[in-house]
Amino acid sequence: MIYLELFCTFFMIGAFTFGGGYAMLPMIQSEVAARWGDKISEQAIVDFVAVSESTPGPFAVNMATYVGTEMGGLFGAFCSTMGVVLPSFIIILIVAKCYEKFRDSSVVKGCMTGLKPAVVGMIAGAVLNVAMTVFFPAGLSLGVLSGAAFYVSLGLFAVMLVLALKKVHPIVIVCLSALAGIIAGYLGIWS
Amino acid sequence: MKFRELWKVFITFFKIGAFTFGGGYAMIPLIQKETVETHHWISDEDILEIVAIAESTPGPIAINAATFVGYRTCGVWGSVCATLGVVLPSFILIYAISFVLRQFQSLKAVRYAFYGIRAGVLALLCKALWNMFKKNPKNWVSYIIMAGAFLLTAILDVSVFPVLIGCAVFGLITAKYMARRTQA
């Protein structure tokens with residue numbers, strides 16, 4: 001049953017996303033590849049990260065709604081979004097009642113000293129996956145080094161990274177790289 | 001009376017969900033403006049509290065904040081309205097967009113655009129990663145956990161969930177050990 005699977009998967013993801021937003025990217029990548037890899041490609045996920053960056057709202061809700069829609073239409077989107085929201089909803093309701101105890105708990109603090117760096121390491125892994133789909137879209141091989149696409153992607157990435165570090169707004173970066181992609185496409189770079 | 005208050009909570013968080021791009025901490029200034037300055041539901045100190053809680057509980061920061069503020073203003077129903085409000089804009093928008101995307105994916109220009117966009121997204125992700133790395137404590141425990149989590153999930157393909165649990169336990173043990181050593 002796809003609806004139950006969507007709900008449970010995103011409930012797990014919601015319950016394990018510490019530090020917000022991108023922390024769920026590694027989980028989305030691995031869960032989607034393992035469960036629905038035949039329908040949603042790794043490239044589709046990267047494309048959708050771009051859509052999430054350029055639309056309002058929390059990253060987690062955007063991703064959940066997208067995967068839910070692709071797999072199970074409107075009700076699928078409802079199930080996955082409910083799933084990703086519910087864990088934090090329940091936990092915050094509990095914490096709101098006994099905030100002081102929670103804040104001063106040495107167990108919570110101890111767990112966080114382990115979780116924060118773990119999330120950074122995992123996001124690094126997720127970024128590596130994205131880098132593979134950008135630079136080696138047809139799988140890892142040295143063949144791409146002889147085509148122009150690899151170098152154009154690399155150049156585009158470098159320029160956008162400089163812009164991102166200069167705090168240019170993500171939407172501007174998405175639009176600029178879309179424009180560059182279209183120009184490169186009509187010059188025959190991507191084929 | 002109570003119903004009107006709930007409606008206000010819903011509309012306020014609907015606005016917050018509809019107008020913050022990028023999610024996460026990008027939402028905090030607008031939440032502060034709407035809930036502290038405009039509606040006086042909570043104080044500036046509560047905002048700091050919310051950020052601290054959001055950092056140490058799972059889930060998207062926007063959901064955490066909405067649930068917390070909603071609870072403070074109108075109890076459990078307040079948190080239901082606030083959370084629904086903050087989720088609904090992106091839910092509707094993304095549902096619509098995923099149809100539009102499917103329609104336009106066959107267009108050459110759109111496919112070309114996404115080749116470029118993927119490189120741009122990679123840049124955005126690298127920047128986000130760098131920011132998170134800078135915020136982390138700079139000590140050997142945190143570097144070891146970082147490297148370990150990266151190796152296990154990215155290279156050895158271990159599932160994310162057990163690695164997170166393992167890292168939490170490891171952090172807990174080292175924190176207790178450090179505390180005991182500084183006491184002694």
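Predicted model: local features only at pLDDT ≥ 70, side-chain atom pairs only at ≥ 80, totals over all residues.
Trainee: Let's start with the makeup of the chains. How many helices and strands does chain A have?

Mentor: Chain A has eight helices and zero strands. Read along the sequence, its pattern is α-α-α-α-α-α-α-α. Chain B has seven helices, again with zero strands, and from the N terminus its elements run α-α-α-α-α-α-α.

Trainee: What makes chain B more spread out than a compact globule?

Mentor: Set the value against the rule. The globule rule gives 16 Å for 184 residues, and the radius of gyration of chain B is 21 Å, well over that, so chain B is more spread out than a compact globule. Along its principal axes, the C-alpha trace of chain B spans about 60 × 55 × 25 Å. For chain A, the spans are about 60 × 40 × 30 Å.

Trainee: How is chain B divided into domains?

Mentor: Into domain 1 (2-104) and domain 2 (128-183). The centres of these two domains of chain B, taken over C-alpha atoms, are separated by 30 Å.

Trainee: And which domains does the assignment give for chain A?

Mentor: Domain 1 (2-135) and domain 2 (139-191). In chain A, 27 Å separate the two domain centres, taken over C-alpha atoms. Six residues of domain 1 of chain A are in contact with eight residues of domain 2 of chain A. On the domain 1 side, α3 and α6 of chain A are the elements that give two or more residues. The residues of that side divide into four nonpolar, one polar and one charged.

Trainee: Now a single residue. Why is Ala149(B) called buried?

Mentor: A residue needs 20 or more other C-beta atoms within 10 Å to be called buried. Ala149(B) has 29 C-beta neighbours inside 10 Å, so it counts as buried. You can find Ala149(B) in helix α6 (residues 140-155) of chain B.

Trainee: What does Ala149(B) touch, not counting residues up to four places away in sequence?

Mentor: From chain A, Ala149(B) touches Ala118(A), Gly121(A) and Met122(A), and from chain B it touches Val163(B) and Cys167(B). Val163(B) lies 14 residues from Ala149(B) along the chain, and their C-alpha atoms are separated by 6.6 Å.

Trainee: What makes Lys167(A) exposed?

Mentor: Lys167(A) has 7, so it is exposed. Look for Lys167(A) in the loop between α7 and α8 of chain A. Its backbone is worth a glance too: Lys167(A) has a positive phi of about 65° although it is not a glycine.

Trainee: How do you know that His40(B) is exposed?

Mentor: His40(B) has 9 other C-beta atoms within 10 Å, and 12 or fewer counts as exposed. His40(B) sits in the loop between α2 (28-38) and α3 (44-56) of chain B. His40(B) has a positive phi of about 55° although it is not a glycine.

Trainee: Which residues touch the most other members of the largest nonpolar core?

Mentor: Ile123(A) and Ala65(B), in a core of 118 residues. The largest share of this core, 18 residues, comes from α4(A). Leaving aside neighbours within four places in sequence, Ala65(B) is in contact with Met27(B), Ile31(B), Ile50(B) and Ala54(B).

Trainee: How many residues does each chain bring to the contact between A and B?

Mentor: Chain A brings 90 residues and chain B brings 83. On the chain A side, the largest share, 24 residues, comes from α6(A). By class, that side has 61 nonpolar, 23 polar and six charged residues.

Technical notes. Residues numbered from 1 in each chain as written. Chains lettered and ligands numbered in written order. Contact = placed C-beta atoms within 7 Å. Helix = DSSP H or I, 4+ residues; strand = E, 2+ residues; numbered from the N terminus. Nonpolar A, V, L, I, M, F, W, Y, C, P; charged D, E, K, R; others polar. Rg over C-alpha atoms; globule rule 2.2 N^0.38 Å. Domains from an automatic or database assignment. Core = buried A, V, L, I, M, F, W, Y, C linked by C-beta atoms within 7 Å.
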